[in-house]
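Here are a few friendly notes to read alongside the model. Please keep the viewer open as you go.

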Amino acid sequence: MGDVPLGGIAVTVSTVALLLYFMTNDSSSRIVARLREWVLAASPGSRLPSTRALVAEYQASPVTVQKALRTLDAQGLIESRPGVGTFVRAVRTARPADYGWQTAALGTPPAHLRPLSAAMRSAPNDVIAFHSGYPDRELLPERLVRAALARASRGDAALFRPPAAGLPELQSWFAQELRASTPSGTNPPNPSDVIVLPGTQSGLSSVFRALVADGQPLLMESPSYWGAILAASQAGVRVVPVPSGPEGPDPEELARAFQESGARLFYAQPNYANPSGAQWSARRAEEVLEVVRQHGAFLVEDDWAHDFGITSDAEPLAAGDDSGHVVYLRSLTKSVSPAIRVGAVVARGPARDRILAAQGAEAMYVSGLLQAAALDVVTQPGWHTHLRGLRHQLQARRDLLATSLREHIPQAHLGLLPKGGLNLWARLPDGTDLDRLTRDCEAAGVLIAPGNEWFPAEPAGPFIRLNYAGPNPGAFPEGARLIGRALEQARA
Ligand SMILES: Cc1ncc(COP(=O)(O)O)c(C=O)c1O
């Protein structure tokens with residue numbers, strides 16, 4: 001920084017700048033204070049003196065006067081009308097918002113409309129958060145994601161509209177993933193069977209709207225993902241629950257539900273179900289698929305946790321079906337990044353075309369930038385290294401939380417220790433007041449997800465869902481202790 005002479009003393013330029021800054025600020029506040037008094041005494045609509053007059057009156061520079069006027073404008077006291085002048089703002093009386101007219105326009109809300117789940121709440125930093133369904137940042141391939149986004153921003157994808165069904169290379173990747181586990185003798189899916197989605201939540205809505213007529217039944221495991229229940233109710237379809245346990249649904253009960261309801265679609269999660277963590281055996285998968293085929297129906301297979309195997313791998317049923325009965329959803333949101341929200345639906349025949357039409361009506365196409373970034377991440381050699389590391393981290397976290405629960409909440413029953421996924425699903429003693437427990441836990445600094453939201457009809461008991469992929473696993477034992485204490489109070 002150079003020196004300039006000031007009254008015979010050498011002063012650095014930065015010191016002068018600083019001095020001018022403070023002087024301007026100081027005289028600007030002085031003008032604001034004086035003008036404020038004037039404005040408050042004047043009647044609304046009065047015209048302020050011109051800038052030139054104010055400069056002369058306050059012996060300040062035009063910059064300082066303009067700054068003072070901007071401050072008064074921001075405080076809502078004056079308004080400037082370009083080319084006309086500056087005026088005292090007309091007083092606006094505050095009045096309460098009245099949207100009463102919407103009551104008549106909207107009518108009574110449909111009984112089936114549910115609000116967004118408590119699992120979607122954002123948590124402050126200092127709480128122990130078991131409620132959310134998302135993995136913590138340390139479980140994401142952050143380096144791959146940042147590099148992929150930078151590369152995508154430099155490529156064509158940043159500027160062009162991609163095809164409605166998705167970038168062809170990404171369609172191929174999703175098809176190839178299924179092809180890898182397709183048995184011999186079965187035709188693997190083609191890239192053109194893949195429709196890229198802006199998240200599979202949006203795919204669920206499109207699939208339900210495209211394949212189930214308004215008011216018609218749809219079978220769903222109970223418990224099941226709250227977002228699927230929500231999507232079904234928004235699509236106006238009637239959810240028929242089918243009980244499902246650690247082994248998946250009982251094929252005979254499923255067959256009965258198809259017969260009694262006349263449904264043509266069954267939504268299920270054969271691998272690491274949200275919330276229960278259940279994974280169907282290969283035999284159960286084959287039996288269920290057989291029931292679906294016999295009833296001329298679709299199985300919507302939601303493979304949301306494909307990348308979260310711990311002691312097993314996810315085996316998509318869709319890989320063994322080339323008859324178009326399985327509509328397969330695969331999400332990359334939680335394994336690549338919640339900010340690169342990309343997924344896909346794989347469907348064959350006219351069902352695929354109907355889903356594409358429904359998806360087009362909803363979203364038209366998925367940002368090419370996000371598609372290119374997602375493809376970049378999953379095709380890097382580092383992706384598989386990341387998934388191997390993730391497996392170990394999830395196992396350590398799952399085991400720590402399960403051990404902490406056993407120690408501090410012996411009354412809680414885990415139906416199974418999941419072989420993959422992100423959650424533990426615990427049944428609490430009958431009679432537990434879940435609302436009170438959730439509130440008391442929150443007051444003690446622990447967020448839990450009450451299980452009722454995962455039941456399409458009446459809950460089968462008091463359950464809670466605890467995510468072991470959230471932040472700060474070191475606090476899991478303390479979190480479990482606090483839940484245990486709140487549980488005793490809720491049952492007292
Ligand atoms: C079972 C299941 N399916 C689908 C989704 C939707 O995921 P996304 O829209 O991010 O792909 C979720 C998200 O939590 C989920 O848990």
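1. How many bridges join strand β15 to strand β18? Five do, between residues 423-427 of β15 and residues 463-467 of β18, and the two strands run antiparallel. Strands here are DSSP E runs of at least two residues, and helices are H or I runs of at least four, numbered from the N terminus. One of the bridge pairs links L424 to L466 in β18.

2. A word on the source: this is a predicted model, where local features need pLDDT of at least 70, side-chain atom pairs count only at pLDDT 80 or more, and totals for chains, interfaces and linings use all residues. Residues are numbered from 1 along each chain as its sequence is written.

3. The open sheet has four strands in the order β14-β15-β18-β17, with antiparallel pairing (a pair needs at least two DSSP bridges). β14 (413-414) and β17 (449-450) stand at the edges with a single partner strand each, so one side of each has no neighbour in the sheet.

4. The axes of α14 (residues 434-443) and α15 (residues 476-491) come within 9 Å and cross at roughly 135 degrees (axes are lines fitted to C-alpha atoms over the stretch in contact, with angles from 0 to 180 degrees between N-to-C directions). The crossing of α14 and α15 is right-handed (the near helix is turned clockwise from the far one by less than a right angle). On the α14 side, the contact includes R436 and L437; on the α15 side, it includes L482 and I483 (C-beta atoms, placed from the backbone, within 7 Å).

Terms used
Contact = placed C-beta atoms within 7 Å.
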